[in-house]
Amino acid sequence: MTRVTFRDFSVALAGTPVIGDINLSIEPGELVGLIGPNGAGKTTLMRAALGLIPASGHCSLAGLDDRTRARTVAWMPQDRSVAWPISVEALVMLGRMPHRAPGQRPGRSDLEQVAKAIREVGLAGFEHRAVTRLSAGERTRALIARSLAQQTPMIMADEPIAGLDPAHQITTMETFAGIAASGRSVLVSLHDLGLAARHCTRLILVGERRIVADGAPAAVLTADNLARIFHIEAFLQATDHGPVFQSLRVLGP
Ligand SMILES: Nc1ncnc2c1ncn2[C@@H]1O[C@H](COP(=O)(O)OP(=O)(O)OP(=O)(O)O)[C@@H](O)[C@H]1O
């Protein structure tokens, strides 16, 4: 299993510092929610962690060669566009590529993993449908399935539940929680603080070009952090049904 470490990690875009001073590790078994307002640097941090954009300092993923990285971490970017009208099954099968030699045909275990991932995202029956003929939410679920089929020690997903209906948001978070419970790790950026509080084992709050808070959801979603970083007042309470979060109002300057 894989522990991901960051040491003095900083990213600048077009010469402007976006996020810096990152010193943390993500451990096997964690479902980590990366939260913060629009433009806080969540996407930038994840892309830099994967070595897709330059950064200074150390991240244990960034130096891996492409094949090793693809066997270590499944990456689901925020951009959901798929250029070619390939089938759902073919798209999800792309997640199995890092596990086969170049030119090798998919084996039984590849087919099983693909079928399982398609079932997990509720797309059974859509296997032969062109991805370009799916709804936006269905396409998102097909891309989640590709990440699941990759069967990596870690999944990193940029707003994977954005645009999903409530049932599929919950099942996706439950799937990620199950992956974490099995000793793998998941890092997801998300704006739904209620689902973040409910399902994530840990939240990392970014703002002010740095990590503002890192810990258990209740310790991160404090009234002070919500006011300072998100400019909102919210209600958060532990209940018999788990934590319940509701944004209440925007705070003035
Ligand atoms: N190619 C680029 N060149 C310069 N600045 C950029 C570039 N891409 C993004 N930025 C800026 O970097 C900052 C961080 O952007 P990023 O996409 O990482 O934010 P985010 O937290 O993922 O936001 P969101 O919640 O809106 O997805 C923003 O201020 C954005 O305007």
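## Model and confidence

Residues are numbered from 1 along each chain as its sequence is written. The model is predicted: local features need pLDDT of at least 70, side-chain atom pairs count only at pLDDT 80 or more, and totals for chains, interfaces and linings use all residues.

The average pLDDT of the chain is 95, and 99% of the residues score at least 70; pLDDT is the predictor's confidence in each residue, from 0 to 100. The model has an ipTM of 0.98 and a pTM of 0.95.

## The annotated domain

An unreviewed UniProt entry places the feature "domain: ABC transporter" at residues 4–233. UniProt positions are given here in the numbering of this report, feature names are shortened, and annotations may be inferred rather than shown by experiment.

Helices (H or I, at least four residues) and strands (E, at least two) are DSSP runs, numbered from the N terminus.

## A sheet of three strands

An open sheet is formed by 3 strands in the order β2-β1-β4, with antiparallel pairing. Its edge strands, β2 (16–26) and β4 (56–59), each pair on one side only. From one strand to the next, the twist averages 20 degrees. Two strands count as paired if DSSP finds at least two bridges between them. Strands of a sheet pair through backbone hydrogen bonds, either parallel or antiparallel.

Strand β1 (residues 4–13) is joined to β2 by 7 bridges, and the two run antiparallel. Ala12 stands opposite Pro17 in β2. Helix α1 packs on the sheet, touching β1, β2 and β4, and its direction makes about 120 degrees with that of β1. Contact means C-beta atoms, placed from the backbone, within 7 Å. Axes are lines fitted to C-alpha atoms, for helices over the stretch in contact, and angles run from 0 to 180 degrees between N-to-C directions.

## Around the ligand

The residues around the ligand include Leu13, Ala14, Val18, Asn38, Lys42, Thr43 and Thr44. A residue is near a molecule if its C-beta atom, placed from the backbone, lies within 6 Å of it. Helix α1 (residues 42–49) gives the most to this shell, with 3 residues.

The shell divides into 4 nonpolar, 6 polar and 1 charged residues. Here Ala, Val, Leu, Ile, Met, Phe, Trp, Tyr, Cys and Pro count as nonpolar, Asp, Glu, Lys and Arg as charged, and the others, Gly among them, as polar.

## A hairpin

Strands β10 (residues 232–239) and β11 (residues 242–250) run antiparallel and are joined by 8 bridges. The hairpin between β10 and β11 passes through 2 residues. Gln237 stands opposite Val244 in β11.

Technical notes
Contact = placed C-beta atoms within 7 Å.
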